[in-house]
Amino acid sequence: MSLVVDITHPFGAFTLNVAFEAPGGITALFGRSGTGKTTVINAVAGVLRPAQGRITLSGEVLFDASQGVALPLHKRRLGYVFQDGRLFPHMTVRRNLMYGARFAPVDATGPGLDDVCDLLGIGGMLARYPGTLSGGEKQRVAIGRALLSHPRMLLMDEPLAALDSARKDEILPYLERLRDHTDMPILYVSHSVSEVARLATSVVVLEDGQVARSGSAEQVLSDPDMVRQIGLREAGAIVPAALIKHHDDGLSELSISGGQLLLPRVQLEPGAVTRVRILAKDVMIALARPRDVSALNILPCEILTLRGGDGPGMIVQMACGSDRLLARITRRSADALALAPGVNVHAVIKSVSIARADVGHL
Amino acid sequence: MTDWLGPQEWQAVALSIKVSLWATVISLPFGVLVAYALARGQFRGKQLLNGLVHLPLILPPVVTGYLLLLTFGRRGVIGGWLEDTLGLVLAFRWTGAVLAAAIMAFPLMVRAIRLAIEAVDPKLEQAAATLGAPRFWVFATITLPLILPGLITGAVLAFAKAMGEFGATITFVSNIPGQTQTLPSAIYTFLQVPGGEASALRLVAVSVAIAMAALLASELLARRAAKRVAGG
């Protein structure tokens, strides 16, 4: 299953002109506010009718301006999870969850009520009304409701934006499970880098209504050219990792393609696969392998590119095994170390700098 | 209880209740339809429809009654057709009183329901549609339950207005005791004859009681419905 979008629509001061393909997994539509993310997801859902273009899902035309085709909202069978939940206030959680079930075609496959309750941890609230639920609970019910309509894909418009960070952490693991346990494509609108880094399998970066960059999450997030969109503080690479074992002193050892990582205890079983986000500002560069240093993670790397900006800083992209790492250092340091593409260096990362939220849970 | 009202007085009270109930019940579906069109529809002539619905509110009731007589009278365009095809005669019958009351009460009903529909978040209806629900199902399961308090208010307002309708009714169906003499017409009649004040006063008391009861009942029902809507 894959969604193919190619649309043009007048949008405020500029014209939205977006083309991308969303395969299985989570495709993040990423960009600042006002770049047209919600317009795109609404066009896919059928809430908004683009001026030009074509949208297909697994070959079926949802919208085609030149042929005058626009499948109505209720016939698209796309589960839409809104930022504000939009639970029906006069129905119990159970009736909310089951609302779309009667409209799913008989041959549509998908989870049942019990599966969804297990997946989202909402079995205990079936008899309650939405008015009595917390924000995080409401959003989990909204996700469950979308899933139970047995959609062909999920659309999520900043489903976590209205929640505080504790509630976000409560829902993120459910979304990760969803990503890893269904093959349904998920289009996920977000302006939060940490959400994208944690969830996305591929990323489409929007800027002023245009696609600035698209590709796998690993590629896009470790692209030094994307640092401007992402923001200096949030820039960082994600690397796939497998848990080797837990140490007695509270650290967990993970293997990545370029070596080992020691991180504060990770809630995973040995052998489990996850991804780790390493922020560029947390990575130091050393020419020789440093000795007598407190940082536990020292990874041999090769410099690929250096990007300078207007300020005193630079972004260095390095190859570490088959992964990419980003480091943010000063131009002065880069000059002093004579850093250039092809130079072999060591990336130095403090274990404690990697927050628990930067490691996925499966 | 029947003792303290004379037979003519009883007739008037019973007829008024019958006429008002029918007027409310029959106009309710149309009221919902028109209110929905005005609240959510985007079509040519929306302002015209809006004006037409509100016309009875602004026109002198006698004018409305006379226009009804012209169109729904036995020689009127619609009245003649109704008699020929359905055998339904409205002029000078209680059925005509129902039509007059319904038309006079319609603006109040539509207004209350329209406000309720406008208060429903269209995003909820949109969410229902994304779950696969066709439009009528969305209306029946989302919009209708959410506007229930407004619906009740609109119906009670219309009932109360119908109970009090005088000008259009007396013009269209006259003031025939036992046939078209509603409560207000009866009060008017008793006031025209010497010694009728006592009867008139009793009917006034009945009107006040019915109006108050309707108001209280609607308040109670609307509050209950609102609580259900809020998910209590």
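In chain B of this predicted model, 75% of the contacts between residues at least 6 apart in sequence join residues at least 24 apart; two residues are in contact if their C-beta atoms, placed from the backbone, lie within 7 Å. Local features need pLDDT of at least 70 and side-chain atom pairs count only at pLDDT 80 or more, whereas totals for chains, interfaces and linings use all residues. Residues are numbered from 1 along each chain as its sequence is written, with chains lettered from A in the order in which they are written.

**Chain B**
- Chain B contains 11 helices and 0 strands, where helices (H or I, at least four residues) and strands (E, at least two) are DSSP runs numbered from the N terminus.
- Along the principal axes, the C-alpha atoms of chain B fill a box of roughly 70 × 45 × 30 Å.
- Of the 232 residues in chain B, 40% are buried; a buried residue has 20 or more other C-beta atoms within 10 Å of its own, with C-beta atoms placed from the backbone.

**Nonpolar core**
- The largest nonpolar core has 162 residues, of which A:Val44, A:Leu187 and A:Ala347 touch the most other members. Such a core is a set of buried Ala, Val, Leu, Ile, Met, Phe, Trp, Tyr and Cys residues joined through C-beta atoms within 7 Å.
- Helix α5 (residues 94–119) of chain B gives the most to this core, with 17 residues.
- Because domain 1 (3–221) and domain 2 (236–281 + 293–358) of chain A both give residues to this core, the core lies between them; the domain bounds come from an automatic or database domain assignment.
- Apart from its neighbours within four places in sequence, A:Val44 is in contact with A:Leu3, A:Val5, A:Ile55, A:Leu78, A:Leu155 and A:Leu187.

**Sheet in chain A**
- An open sheet of 5 strands in chain A has the order β16-β20-β17-β18-β19, with antiparallel pairing; two strands pair if DSSP finds at least two bridges between them.
- β16 (283–286) and β19 (323–330) of chain A each have a single partner strand and stand at the edges, so one side of each is left without a neighbour in the sheet.
- Strand β17 (residues 297–308) of chain A pairs with strand β20 (residues 344–349) of chain A in the antiparallel sense over 6 bridges.
- A:Cys301 has A:Val345, in β20(A), as its bridge partner.

**Interface between chains A and B**
- Contacts link 21 residues of chain A with 18 residues of chain B.
- On the chain A side that touches chain B, 13 residues are nonpolar, 5 polar and 3 charged. Here Ala, Val, Leu, Ile, Met, Phe, Trp, Tyr, Cys and Pro count as nonpolar, Asp, Glu, Lys and Arg as charged, and the others, Gly among them, as polar.

Key:
A residue is buried if 20 or more other C-beta atoms lie within 10 Å of its own, exposed if 12 or fewer, and partly exposed in between; C-beta atoms are placed from the backbone.
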